[in-house]
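Let's walk through this model together, starting at the ligand and then moving out to the chain and its cores. Please keep the 3D view open as you read.

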Amino acid sequence: MNTVTEAAPAAAPEAGVARTTDPRKAVFEANKLSKRLHRQVGQAIGDFKMIEAGDKVMVCLSGGKDSHALLDLLISLRERAPVPFELVAVNLDQKQPGFPAHVLPEYLRRRGVPFHIETQDTYSVVKKLVPEGATMCSLCSRLRRGVLYRVARELGATKIALGHHRDDMVVTLLMNMFFGGRLKSMPPKLVSDDGHHVVIRPLAYVAETDLQRWAEHRRFPIIPCSLCGSQSDLQRVQVKAMLHEWERQYPGRSDNMLRAMAHVTRSHLLDRNLYPFESLQATGVADAAGDKAFDDEPCTDPTRLEGMELHIERQLDQED
Ligand code: SF4
């Protein structure tokens, strides 16, 4: 095992350009995107009390667009946050063939953020244990998680920040429903399996397309996750493609599903541990907030309208 821990002086990265040939429009669009991202991340942090005064937040930086954006936005939000907290970026070099080990340290030095590179050859372990042709991601992720928890302990981190976003959460919800028979997604905040850390997902409200645009704009030095040569999880790819197609046909569905996760009606599911169906009795009193969801015309269903409002707000943000 080999570790490197460094802190370096502040320096801003060079900004890239947005997808337009008009420079004024590019700046305008980049500003709108920046505002939306900062607002959504700030809101998620506030809604779930993800970061508190004195926290040391370990940001897991894989080198992909999502974790790059997470670190970038947290650096920026920290400067204007009402409470003081520390950041430390951590990358795990898993010894995949062709991994460009110099890229992230160079970038992090330029950003001036304290960082730690943990080198551990989980790639060989996975290659040895997983049969040829089978997907390696599940074991790889489990090993990576274990290493990151240990590093968090060693660094004295109080929070571990991961770069999962809105689309990851919605896809996971569908995957668990379709293939796992469970109504569960990725929580925005949870206690780690080992019980020692609070894991947070500050990008919970952020759309993947926005992260893609931000990564292009900021010209992050992206390291692809495909270096290991593993096949992607086919079921996840299929669900994601289905969601994209659905979103294309009916814009706003992903936002609506995210909203649904935050508005659970326990009495309208089938989990007997969540609602006392056995002891249910007629009260003889009309309930103003009773079961009306399926009686309403679609255009008057408040949850649909709110979901659409959120979508329209995103559209306006993008088009302004
Ligand atoms: S793509 Fe490769 S590096 Fe990424 S999780 Fe899967 S096995 Fe691990």
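Of the eight residues around the ligand, which come nearest? They are Gln-96, Cys-137, Cys-140, Cys-225 and Cys-228. Sorted by class, the ligand's shell holds five nonpolar, two polar and one charged residues. Do bear in mind that this is a predicted model.

Now step back to the chain itself. You will find 10 helices and seven strands in it. Of its 320 residues, 42% count as buried. The accessible surface of the chain comes to about 18200 Å², and carbon and sulfur atoms account for 56% of that area. Contacts reach across the sequence, too: taking those between residues at least 6 apart, 79% join residues at least 24 apart.

Next, look inside. The largest nonpolar core has 42 residues, and the ones with the most contacts inside this core are Ile-51, Val-57, Val-59, Leu-71, Leu-74, Leu-87 and Leu-108. Two or more residues each come from the helices α1 (23–47), α2 (65–80), α3 (103–111) and α7 (208–218), and from the strands β2 (56–60), β3 (86–93) and β4 (115–119).

Setting aside its neighbours within four places in sequence, Val-59 is in contact with Leu-70, Leu-71, Leu-74, Leu-87, Val-88, Ala-89, Val-90 and Ala-161.

Conventions. Residues numbered from 1 in each chain as written. Predicted model: local features only at pLDDT ≥ 70, side-chain atom pairs only at ≥ 80, totals over all residues. Heavy atoms only, no water. Helix = DSSP H or I, 4+ residues; strand = E, 2+ residues; numbered from the N terminus. Buried < 20%, exposed > 50% of the residue type's maximum accessible area, 1.4 Å probe, protein only. Contact = heavy atoms within 4.5 Å. Areas by Shrake-Rupley, 256 points an atom, 1.4 Å probe, with all protein chains shown as cover. Core = buried A, V, L, I, M, F, W, Y, C linked by side-chain atoms within 4.5 Å. Near = heavy atom within 4 Å. Nonpolar A, V, L, I, M, F, W, Y, C, P; charged D, E, K, R; others polar.
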